[in-house]
Amino acid sequence: MAMKEADPALGFLTRKETEVKLPRPTRVKNKTPAPVQITAEQILREARERQEAEIRPPKQKITDAEELAEYRLRKRKEFEDLIRRVRWNTSVWVKYAQWEESQRDFARARSIWERALEVDYRNTTLWLKYAEMEMKHRFVNGARNVWDRAVSLLPRIDQLWYKYIHMEEMLGNVAGARQILERWMAWEPDHHGWSAYIKFELRYNEIERARGIYDRYVQCHPTVKAWVRYAKFEVKNGEVGKARQCYERAIEQLGEDGQTEELFVAFAEFEEKFKEVERARCIYKYALDHIPKGQAEELYHKFVQFEKQYGDREGIEDVIVGKRRFQYEEEIKKNPLNYDVWFDYARLEESVGDKLRIQEVYERAIANVPPAEEKRYWQRYIYLWINYALYEELEAEEPERTREVYRECLKLIPHKKFSFAKMWLMAAQFEIRQKDLKAMRQILGSAIGMAPKDKIFKTYIEIELQLGNIDRCRRLYEKYLEWAPANCYAWSKFAELERSLGETERGRAIFELAIAQPVLDMPELLWKAYIEFEISEREYDRTRQLYERLLDRTKHLKVWVSFAKFEAAMPSEEEASAEEEGREPDPDRLLEETKQQVLRSRGIFERAFESLRTTAPEQKEERAMLLEEWRDTEASFADLGDVATVQRKMPRRVKRKRPISSEDGTPAGFEEYTDYIFPEETGMAPNLKILEAAYKWKKQKVGSDEDD
């Protein structure tokens, strides 16, 4: 059993035997604070007092030369053994050489340093410690020898040059220090090396020498930092003209690639310091025009401060515009297809009024064509062209450029996939304003040929109608209807045009062609327009025939009501003839005509009610609406009307509930609806109830038989 519990991973011990039993935490019964409180400082003090004294080896006192020789032999043997073991450890060599130095045995110390340098001559620490020993004990030539070898072997370590030069300068050997600096400059060090040479010459008031060094410095390091230092040196020495020449030479020699924000800011501040305000302003403006926008943030900030201090209102506004221009350029750089930024940028330039800048911005904006040929991507883009064309026409007043803008835009749009009627129409309207009707017709003709649209046809027809070109209007309507034969608006307007010209038969023929079309987008409007056309021509028999033809196609409630109201409101022939003859109308004939109108209108309502009751009995609401219209019409006939008969046919409204189901077919409760019970249905109700009871009884009987 014990073997089963043993685990090989635990050295064949049981898990119980390997458990670490932690001491149980003691419960603190009394949690009140102790009367005497102990601070952390007191605990640390007591720990310090109880700490045992450090065990140190006993000090050895050497009393005679023999002991000293024995001590030195032992120490040298230890160091040599250590070097044999860890030859590459620099600290061992340093300790060995420093021990020999402490023993005043400089020959041995030099020997150790030389041995160390043979192991690793690239180690700067060894050279520094070696030279430091020579200098400490005033072995000047030895130190020079060490430094000379060091800078010859490691000429790129600046610290060695600095220490060497400093030693010669401390010894007063200025010519020697200068010679060392010249040797260093031959290696073309970084800015710090040249700066050290210049400061050395300035310490001895050698201004011309320092200037010569600066000339060599900017040739060696043609950077903004070097030129700015040179200019500041000349300013410090009171040579303002030479300082300005330094800045000018820097701009000339560095070229556009080397010119940075730092150079122009320093140049402008220099001119500002010596009260050359206009020069400083010119420098700022030149810099803003030539430095990339993303690298000129500090320059803008400085220019704003400069204009606030020295400029007038116009100058400050220019700076603010420049700052906003910079912001727009940054946003465009992130996303050149952000057309809202282009709109704001163009609006900003238009507010400034610089024509060339405005045209440049618009040209850059329209060059960012949407990547996909889908209309939704082009809808914002196309307004850039529109704004550009409007600017050229209204602000710049350059018709040729405007015409070119419209032409290029229409050439760019992929008309086979989508088009913009607005652009075609704006181009045509521009030509109208230029009094060039031929160009206008060419544009709209191209639009109809390449990308026909309702708006283009309507506008073109309207223009030709205003010009009085009726034949052109007819041809355009024909083209319109060839392109969209189902467009009821076009058929109606074409017929209306012919009617306005007195061509009634042509108008009627157009309507006949229209209603004969197999497909129409809004046939009800077309029929309505045709009926109104016949009514306006006082062709009442034709109107009745149209209603009958329409009822052959549809039995809609609105058609019946419109037909009945037409008969009820038809003008009296007696009144028309009396007005023509200039006499009073005959009351008897008027009464007879009114009776005929009432009978015709009532007959249509009766036909409509019977049609709805037989063909669509489920449309109870439509029947109720028809009866309400009938009742109102009968009431309008006054004494000739028969409201009571219609009232007897009116249904009774009842509220009922019906089950509703959700999309997946599960029951979702009940909804309330309004039902209509007509008088003729109440008589059938008892029979229906008897049939329903018989059906339930039979169902129950069949169910009981199956159980048996």
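How closely do the axes of helix α19 and helix α20 come, and at what angle do they cross? That was my opening note today, and I kept in mind that the model is predicted.

**Entry 1: α19 and α20**

I looked up helix α19, residues 339-352, and helix α20, residues 355-366. Their axes come within 9 Å and cross at roughly 170°. Angles over 145 degrees count as roughly antiparallel, and α19 and α20 are therefore roughly antiparallel to each other. Next I listed who meets whom. From α19 I noted Trp342, Tyr345, Ala346, Glu349 and Glu350, and facing them in α20 are Arg357, Ile358, Val361, Tyr362, Arg364 and Ala365. I sorted the residues of this contact into seven nonpolar and four charged, with no polar ones.

**Entry 2: α22 and α24**

I then turned to another helix pair, α22 (residues 381-395) and α24 (residues 421-433). Here the axes come within 11 Å and cross at roughly 10°. Angles under 35 degrees count as roughly parallel, so I wrote down α22 and α24 as roughly parallel to each other. On the α22 side the contact is made by Ile382, Tyr383, Trp385, Ile386, Leu390 and Glu393. On the α24 side I found Lys422, Met423, Met426, Phe430 and Arg433. This contact divides into eight nonpolar and three charged residues, and again I noted no polar ones.

**Entry 3: aromatic rings**

How many aromatic pairs does the structure hold? I found 32. I picked Trp161 and Trp184 to look at: they form a stacked pair, 5.8 Å centre to centre, with 5° between the planes. Trp161 lies in helix α9 (residues 158-170) and Trp184 in helix α10 (residues 174-185), so the pair ties together parts that are 23 residues apart in sequence. Are these two buried or exposed? Trp161 is buried, with a relative accessible area of 1%, and Trp184 also counts as buried at 1%.

I went on to Trp194 and Tyr217, a stacked pair with 6.0 Å between the centres and 20° between the planes. This pair links distant parts of the chain, with Trp194 in helix α11 and Tyr217 in helix α12, 23 residues apart. I noted both Trp194 and Tyr217 as buried.

**Entry 4: charges over rings**

Which ring does the charged end of Arg87 sit over? I found the ring of Trp88, with the charged end 5.8 Å from its centre. I noted another case at Lys375, whose charged end sits over the ring of Phe420, 5.0 Å from its centre.

**Entry 5: positive phi**

Last, I looked at backbone angles in two loops. Arg104 is not a glycine, although its phi is positive, at about 65°. I placed Arg104 in the loop between α5 (90-102) and α6 (106-119). Arg104 is exposed, with a relative accessible area of 55%. Asn205 is a residue other than glycine too, and its phi is a positive value near 60°. I found Asn205 in the loop between α11 (191-203) and α12 (207-220). At 64% relative accessibility, I put Asn205 down as exposed.

Definitions and conventions
Residues are numbered from 1 along each chain as its sequence is written. This is a predicted model: local features need pLDDT of at least 70, side-chain atom pairs count only at pLDDT 80 or more; totals for chains, interfaces and linings use all residues. Side-chain values use heavy atoms; hydrogens and water are left out. Axes are lines fitted to C-alpha atoms, for helices over the stretch in contact, and angles run from 0 to 180 degrees between N-to-C directions. Helices (H or I, at least four residues) and strands (E, at least two) are DSSP runs, numbered from the N terminus. Angles under 35 degrees count as roughly parallel, over 145 as roughly antiparallel, 65 to 115 as roughly perpendicular and the rest as oblique. Contact means heavy atoms within 4.5 Å. Ala, Val, Leu, Ile, Met, Phe, Trp, Tyr, Cys and Pro count as nonpolar, Asp, Glu, Lys and Arg as charged, and the others, Gly among them, as polar. Buried means under 20% relative accessible area, exposed over 50%, partly exposed in between (1.4 Å probe, protein chains only). Rings of Phe, Tyr and Trp (its six-membered ring) pair if their centres lie within 6.5 Å; planes under 30 degrees apart count as stacked, over 60 as edge-to-face and the rest as tilted. A charge sits over a ring if NZ of Lys or CZ of Arg is within 6 Å of the ring centre and within 35 degrees of the ring normal.
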